[in-house]
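Please look over the sequence and the structure shown here before reading on. The paragraphs after them are meant to be followed with both in view.

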Amino acid sequence: MVATSHKDATVSGHKDVPGAAPVAHSLADTFEPSGRQAGENRLSPSMEAFAEQARRLPTDEVIINMGPSHPAMHGTVRVVLRIDGETIKDADVQIGYLHRGFEKESENATYNQIFPYVDRLNYVSPMLNNVGYAMAVEKLLGITERIPERAEYIRVIAGELARVCDHLTCIVASLAELGGFTAFFYGIRAREHFWELLEDISGARMTHSYCRIGGVAWDLTEDFIPKCREKITKVRKLIDDTRTLVERNRIFLDRMEGVGTLSGEDAVSYGITGPVLRASGVDYDVRKDKPYSVYDHFDFAIPIADGGDNLARYLVRIEEMEQSMQIIEQAMVQIPPGAVIINDPAIALPAKREVYNSIEGMIAHFKHVMDGLRVPPGEAYSFTEAGNGELGFYIVSDGTGRPFKCRCRPPSFYTTAALRQLIVGANLADVVPIFGGINMIGGECDR
Amino acid sequence: MAESVLTALTERFGDAILETGTYVGDEIAIVAREQLVAVLTFLRDDPDMAFAMLTDLTVVDYLEQTPRFEVVYQLYSLSKKHRVRLKVHVDEAPEQCWVPTATGLWHAANWAEREAWDLYGVRFEGHPDMRRILMYDEFVGHPLRKDYPQNARQPLLRRPDATPTDDQTTRLLEDSHDRRTSG
């Protein structure tokens, strides 16, 4: 009646006997952390004496420098650390090595001349900066409602391509620093696919300067949409490959899980936005909270993770890339035909045909280039969701063709401010994945 | 929705709110410096305001106007989803060129105020760590002031009084908080 198998009997027998010798469940249990096998003493008496002596050696805290040009600090940032053994006791994060005077230069440039400067803020996703800046000036001009719909769709497509590139760079650069160099090549190849598309649109591989106030510079190429579909398929495959490589990897998980934990309250208080905030469990994305452009036309989700650690930040970015590609796919179906820049001679440059063939066109062109477009006096703060979070532009105009003040609210600056809290108490080696996870972009942080 | 923020501020603080207004959809309030911390604390802690995030802090230099500087706070409430912009007028005279710090209210104020001090020379009284952040320590002046020439160049020279091993950071870390308390 009690016809149990031999195996069952053994197992239950073990459980039932009190005080039975415990069986090691894994190989790890048979090892001590010191590396010696349980019960075995490998040290000779003289070595034992030496080890005892070493334990009594005086220890002291050491101050060391990481950066400004350390291979693992992607931006040029200097972190001065006070360490006790491997543990970080205190840190001082110093930025400013890439300060180029963005605001000072902007105050002496016409509104359209600032586009190349904003390209160089976040040089990994310049398209998103272009869009953010153009929208700030448009808000001040009061022409937000008059931007042609096709231009808005092109901005969304280009911007989301840039977001995928930004996240890819962040993720695979961190993976390379953790030793996963193959993943780096997979990711960079994927990014290259999208950079090719952006090059098709704008003519430049990295610093595009493609947006204009009132729209975009020119239309998409004829074969853009089929080409984009094909590239998205390839990029999806490459992202999947990258994930397969690392996500079950012990080294990867050990260095990402539970490292660099940041609570939601702290993240909000630090002014952190974007993937780092969402990885701390706070649901805030400008595209959903205050839908700008045509983002309310698409069906997409905002990924949230509640770990607040490196792994959460990685997972949020991975999912955001997929959501971005879904937005692009929807936009390519919905995109309407039409003009790509506002039809207003006071704002948009005249067509080259008119410039070369009519005196009015020539004069309009000259006035635009020399004086810049006139923005009525006032001030506006406009914000968009860039790769790293809320990218704001606060523009004060005095009615001339050049901004009185053009302030960029850089998401990286506020994220980097929290770096000290993230690394104090961690191990020295953890600085690298933590710093990689917050994705500090030097050009944007230092402006 | 954010209109209610301006109304609540005017009702509660009265004379301390010098002016309120709306421009291209942005809500703006000008606050007297004496009441700034009280206003910021109210905006952060009141359940109807709940401005949990200091989005940005910057300064605008209106050269040849009095008062010359305007310190600008951009606040955002994650739960109520409203925004407000506060401004404080600051005079040019060195002893008057200050505002109280907001570091006790938001972590974000720490670096943002350091940047404002660095680039505009507006002091934040009570800031725990008032150092330059974007420019180097030896830099003279405040580069974003309108009277600082755009094409000025300053070679990086060590201060003549600095000893060869003088490093501000090393000093900072050596007497940092946890070392002092742990003895």
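What follows is a guided reading of this model, taken chain by chain.

For chain A, the mean pLDDT is 84, and 90% of the residues reach 70 or more. Among the elements of this chain, helix 11 (residues 275-279) of chain A has the highest mean pLDDT, at 92, while helix 1 (residues 6-16) of chain A has the lowest, at 42. Over residues 1-17 of chain A the pLDDT is below 50, and this stretch has two contacts in the model beyond near neighbours in sequence. Where pLDDT is low, the predicted coordinates should not be read in detail.

Chain A may now be considered as a whole. Its secondary structure consists of 19 helices and eight strands. Taken along the principal axes, the C-alpha atoms of chain A fill a box of roughly 100 × 65 × 35 Å. Chain A has 447 residues, of which 45% count as buried. When contacts in chain A with a separation of 6 or more are considered, 70% of them are between residues 24 or more positions apart.

Is P433(A) buried or exposed? It has 24 C-beta neighbours inside 10 Å, and a residue is buried if it has 20 or more, so P433(A) counts as buried. Leaving aside residues up to four places away in sequence, P433(A) touches S174(A), L178(A), R255(A), M256(A), V259(A) and N310(A). By contrast, E199(A) lies 234 residues from P433(A) along the chain, and the C-alpha atoms of the two are separated by 31 Å.

Chain A also holds an open sheet of three strands, in the order 6-7-8, with antiparallel pairing. Strand 6 (378-386) and strand 8 (405-409) of chain A are the edge strands, each pairing on one side only. On average, neighbouring strands of this sheet are turned by 15 degrees against each other, direction ignored. Nine bridges link strand 6 of chain A to strand 7 (residues 389-397) of chain A in the antiparallel sense. Within this pairing, F383(A) has G392(A) in strand 7 of chain A as its bridge partner. Helix 5 (residues 126-141) of chain A packs on the sheet, where it touches strand 6 and strand 7 of chain A, and its direction makes about 150 degrees with that of strand 6 of chain A.

The account now turns to chain B. Its secondary structure comes to five helices and seven strands, and along the sequence these follow the pattern α-β-β-α-β-β-β-β-α-β-α-α. Of the 183 residues of chain B, 32% count as buried. Among contacts in chain B between residues at least 6 apart in sequence, those joining residues at least 24 apart make up 47%.

Chain B contains an open sheet of five strands with mixed pairing, in the order 1-2-5-4-3. Which strands of chain B stand at the edges? They are strand 1 (17-23) and strand 3 (53-61) of chain B; each has a single partner strand, so one side of each is left without a neighbour in the sheet. Strand 1 of chain B runs antiparallel to strand 2 (residues 26-31) of chain B, and six bridges join them. In strand 2 of chain B, V31(B) is the bridge partner of I17(B). Helix 3 (residues 109-120) of chain B lies across strand 3 and strand 4 (69-76) of chain B, and runs at about 10 degrees to strand 3 of chain B.

Finally, the two chains meet. In this meeting, 40 residues of chain A are in contact with 31 residues of chain B. The side of chain A that touches chain B has 15 nonpolar, 10 polar and 15 charged residues.

Conventions
Residues are numbered from 1 along each chain as its sequence is written. Chains are lettered from A and ligands numbered from 1 in the order in which they are written. This is a predicted model: local features need pLDDT of at least 70, side-chain atom pairs count only at pLDDT 80 or more; totals for chains, interfaces and linings use all residues. Two residues are in contact if their C-beta atoms, placed from the backbone, lie within 7 Å. Ala, Val, Leu, Ile, Met, Phe, Trp, Tyr, Cys and Pro count as nonpolar, Asp, Glu, Lys and Arg as charged, and the others, Gly among them, as polar. Two strands pair if DSSP finds at least two bridges between them. Helices (H or I, at least four residues) and strands (E, at least two) are DSSP runs, numbered from the N terminus. Axes are lines fitted to C-alpha atoms, for helices over the stretch in contact, and angles run from 0 to 180 degrees between N-to-C directions. A residue is buried if 20 or more other C-beta atoms lie within 10 Å of its own, exposed if 12 or fewer, and partly exposed in between; C-beta atoms are placed from the backbone. pLDDT is the predictor's confidence in each residue, from 0 to 100.
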